[in-house]
Amino acid sequence: ILLVFQVRLVMKAHSFIRENVPRVLSSVKDKSSTVPIPRISQYLYFLFAPTLIYRDNYPRNPTIRWGYVATKFAQVLGSLFYAYYIFVRLCIPQFRNSSQETFNLRGLVLCIFNSILPGVLILFLVFFAFLHCWLNAFAEMLRFADRMFYK
């Protein structure tokens with residue numbers, strides 16, 4: 001989780017630098033009196049907004065729908081509990097007896113094939129919980145109106 005968070009911060013820093021350095025350099029080259037440096041509040045909003053492309057201003061909704069936010073966080077919790085249920089009921093029993101048996105290739109292949117479907121279900125739940133519910137909840141709390149997470 002820490003590595004994913006740091007990669008996200010590096011990508012956001014790259015986008016911030018890539019968008020602002022050419023503006024600053026062109027104003028310095030033109031010897032204009034004002035240098036377009038973004039405000040701290042714009043940068044902080046960008047750090048929490050669910051986007052990787054820096055802009056000075058983003059489209060904003062007029063209000064926050066707190067019921068929508070609560071629904072999305074409830075869906076995240078429901079997805080986590082459902083993933084836990086799938087893991088406990090379908091994945092753990094496959095590998096519980098394998099530590100007591102001697103190693104054989106047939107048992108390993110059967111364990112792997114019996115874990116493919118639960119693994120794919122958990123993967124879909126993680127994508128739904130994070131990419132849909134989590135990002136939409138934070139976008140709503142930040143009044144971020146451009147919700148093109150899937151593009």
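Visitor: How much area is buried between domain 1 and domain 2?
Guide: This is a predicted model, and the figure is computed from its atoms. Carbon and sulfur atoms give 76% of the area buried between domain 1 and domain 2. The whole of that buried area is about 670 Å².

Visitor: How do the residues of domain 1 that touch domain 2 divide into nonpolar, polar and charged?
Guide: Seven residues of domain 1 are in contact with eight residues of domain 2. The residues on the domain 1 side divide into five nonpolar, two polar and no charged.

Visitor: How many salt bridges are there between domain 1 and domain 2, and how many residue pairs are in polar contact?
Guide: A salt bridge pairs Lys or Arg with Asp or Glu, and the side of domain 1 that touches domain 2 has no charged residues. The salt bridge count between the two domains is zero. For residue pairs in polar contact, both at pLDDT 80 or more, the count is three.

Visitor: Where does the domain assignment place the two domains, and how far apart are their C-alpha centres?
Guide: Domain 1 is given as residues 1-58 and domain 2 as residues 59-150. The C-alpha centres of the two domains lie apart by 31 Å.

Visitor: Which residues of helix H2 are buried, and which helix is included in what covers them?
Guide: Helix H2 covers residues 40-48, and its buried residues are Gln42, Tyr45, Phe46 and Leu47. In a helix of this kind, residues three or four places apart point the same way. What covers the buried residues of H2 includes helix H1 (2-29).

Visitor: Is Ser98 buried or partly exposed?
Guide: Ser98 sits in the loop between helix H3 (66-96) and helix H4 (105-141). Its C-alpha atom is separated by 34 Å from that of Gln75, which is 23 residues away along the chain. Buried would need a relative accessible area under 20%. Ser98 has 34%, so the word for Ser98 is partly exposed.

Visitor: What is the phi of Arg143 near, and what is its relative accessible area?
Guide: Arg143 is in the segment after H4. Its phi is positive, in a residue other than glycine, and near 60 degrees. Arg143 is partly exposed, and its relative accessible area is 27%.

Methods
Residues are numbered from 1 along each chain as its sequence is written. This is a predicted model: local features need pLDDT of at least 70, side-chain atom pairs count only at pLDDT 80 or more; totals for chains, interfaces and linings use all residues. Side-chain values use heavy atoms; hydrogens and water are left out. Buried means under 20% relative accessible area, exposed over 50%, partly exposed in between (1.4 Å probe, protein chains only). Helices (H or I, at least four residues) and strands (E, at least two) are DSSP runs, numbered from the N terminus. Contact means heavy atoms within 4.5 Å. Domain bounds come from an automatic or database domain assignment. Buried area is the accessible area (1.4 Å probe) that two parts lose on being put together, summed over both. A salt bridge is a side-chain nitrogen of Lys or Arg within 4 Å of a carboxyl oxygen of Asp or Glu. A polar contact is a pair of N or O atoms within 3.5 Å; within protein, one must be able to donate a hydrogen and the other to accept it, and residues adjacent in sequence count only if both atoms are side-chain atoms. Ala, Val, Leu, Ile, Met, Phe, Trp, Tyr, Cys and Pro count as nonpolar, Asp, Glu, Lys and Arg as charged, and the others, Gly among them, as polar.
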